Amino acid sequence: MKPISILLKSFLILLWVSGNVMAQSTYTPSDVNKQNREWFQSARFGLFIHWGVYSVLGDGEWVMNQQQIPIRDYEKLPAFFNPTAFDAKSWVQLAKAAGMKYIVITSKHHDGFAMWDSRVSDYTIVKRSPYGKDVLKMLADECRREGIKLFFYHSQLDWHHPDYFPRGNTGGSWTGRPEQGNWNAYLDYMDAQLTELLTGYGEIGGIWFDGMWDKKDADWRLTRTYSLIHKLQPGALVGSNHHVTPFAGEDFQMFEKDLPGHNTTGFAPEQKVGDLPKETCETINHSWGFNLKDDHHKSVQELVQYLVKAAGYDANFLLNIGPMPNGQIQPEHVERLQKVGAWLTKNGETIYGTHGGPLTARDWGVTTQKGDKVFVHILRWADNVLTIPSWGKKVKGAKVYGTTTPVKFAENEYGITLQIPPAGRQEFDTIIELQMK
């Protein structure tokens with residue numbers, strides 16, 4: 001029976017992906033949506049925020065499922081969630097100081113707890129926590145003042161709602177939910193909450209979906225939901241972390257903890273790189289939500305180099321933090337974000353508004369390009385001479401970016417050879433600016 005089950009599952013996945021590909025021609029984005037796609041493509045750096053009632057336990061955003069905490073017990077957590085140190089202004093100013101152009105925050109994660117004053121549920125930060133305030137409203141207002149676009153992460157998966165039935169691969173019988181439910185009623189509930197987010201917080205950047213992978217063979221009514229979003233806010237961008245080819249109605253493609261075209265996580269064996277704007281998301285340590293014991297904080301060098309690599313793959317870098325339950329961001333993360341911002345202040349021209357360079361990624365680094373300039377980002381050194389393939393255009397001049405230090409170069413049938421002076425080496429990323437003819 002096991003081989004048959006595997007074949008059946010593979011067949012269902014094939015049908016799902018095939019239907020997805022065939023549906024691509026059914027969605028025509030609005031003019032404002034196209035403009036926002038162009039903005040998104042040039043933004044290059046965003047702040048991801050996983051924050052919710054789960055932060056109280058300090059064990060990540062999956063704690064309810066990993067520890068199999070029944071709903072009756074998990075519902076006690078909001079009484080302890082009182083983020084009196086939350087300051088929307090400081091959060092947004094930190095994002096700006098880091099050089100980030102947009103913020104994505106969890107409006108509702110898999111535990112079903114809403115971080116705004118939802119009218120269709122009392123399971124919210126306003127109604128269930130002693131804090132009693134709408135943090136999304138405060139953040140949206142501050143983002144608007146500071147010129148930062150705000151996206152709402154929204155989980156399609158829900159371990160709390162009784163109509164999320166049949167169950168998926170997570171949130172099993174241990175939740176204590178009845179073994180019955182109305183799937184369409186749940187989707188109506190999800191659309192109602194999305195309507196609140198799209199009508200009560202001004203113009204938003206878009207909706208960042210997650211959770212479809214929990215029930216791959218379900219009818220998620222994507223056409224209906226995506227049409228609702230684009231009707232309420234024609235400029236809003238829709239993306240989904242489903243790990244397959246984008247569906248009609250989606251405006252950007254995301255890659256979780258991986259650069260486009262890679263599958264080091266094993267999450268996305270079927271995912272292909274498409275033509276939509278791209279984004280890769282990664283954590284600043286090892287956790288999405290606040291984890292008290294996670295001290296594996298990535299270094300500034302790792303963060304800068306990941307940002308550079310993402311740009312070289314023509315993708316944005318969405319860097320995640322998990323604020324503490326009191327509303328503060330960990331000091332270690334604040335320090336790192338500020339230092340990445342300092343690097344971007346000097347080198348942002350080689351990242352913002354660029355496209356992936358004429359060369360695909362190499363062991364030594366990547367290239368980005370803007371107009372008639374190509375930026376060679378050398379992340380790993382072997383020696384002071386680097387030969388790269390040519391791409392049909394001649395080099396007019398070369399120098400160490402941000403300086404007047406010339407770089408000797410020679411072009412022949414083997415490519416372009418760059419001779420970088422040892423004094424030209426830069427911290428984290430030595431950037432050679434090539435002026436093309």
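A nonpolar core is a set of buried Ala, Val, Leu, Ile, Met, Phe, Trp, Tyr and Cys residues joined through side-chain atoms within 4.5 Å; buried means under 20% relative accessible area with a 1.4 Å probe and protein chains only, exposed over 50%, and partly exposed in between. The model is predicted: local features need pLDDT of at least 70, side-chain atom pairs count only at pLDDT 80 or more, and totals for chains, interfaces and linings use all residues. Residues are numbered from 1 along each chain as its sequence is written, and side-chain values use heavy atoms, with hydrogens and water left out.

**Figure 1. The nonpolar cores.** The largest nonpolar core has 91 residues. Those with the most contacts inside this core are Tyr 74, Ile 103, Leu 136, Leu 139, Phe 152 and Leu 337. Apart from it lies another core, of 17 residues, among them Val 374, Ile 378, Val 395 and Ile 420.

**Figure 2. Surroundings of Leu 337.** Contact means heavy atoms within 4.5 Å. Not counting residues up to four places away in sequence, Leu 337 touches Leu 47, Leu 94, Ala 98, Met 100, Ile 284, Leu 319 and Ile 321.

Figure 3. Helices (H or I, at least four residues) and strands (E, at least two) are DSSP runs, numbered from the N terminus. In α5 (residues 88–97), the buried residues are Ala 88, Trp 91, Val 92, Leu 94 and Ala 95. Gly 99, with a positive phi near 85 degrees, follows α5.

**Figure 4. The ring pair of Phe 151 and Phe 252.** Rings of Phe, Tyr and Trp (its six-membered ring) pair if their centres lie within 6.5 Å; planes under 30 degrees apart count as stacked, over 60 as edge-to-face and the rest as tilted. The whole structure holds 29 aromatic pairs. The ring centres of Phe 151 and Phe 252 are 6.4 Å apart and the planes stand at 90 degrees, so this pair is edge-to-face. Phe 151 lies in strand β3 (residues 149–155) and Phe 252 in the loop between β5 (237–240) and β6 (253–256), so the pair ties together parts that are 101 residues apart in sequence. Ring pairs link Trp 39, Phe 40, Tyr 102, Phe 151 and Phe 252 into a cluster.
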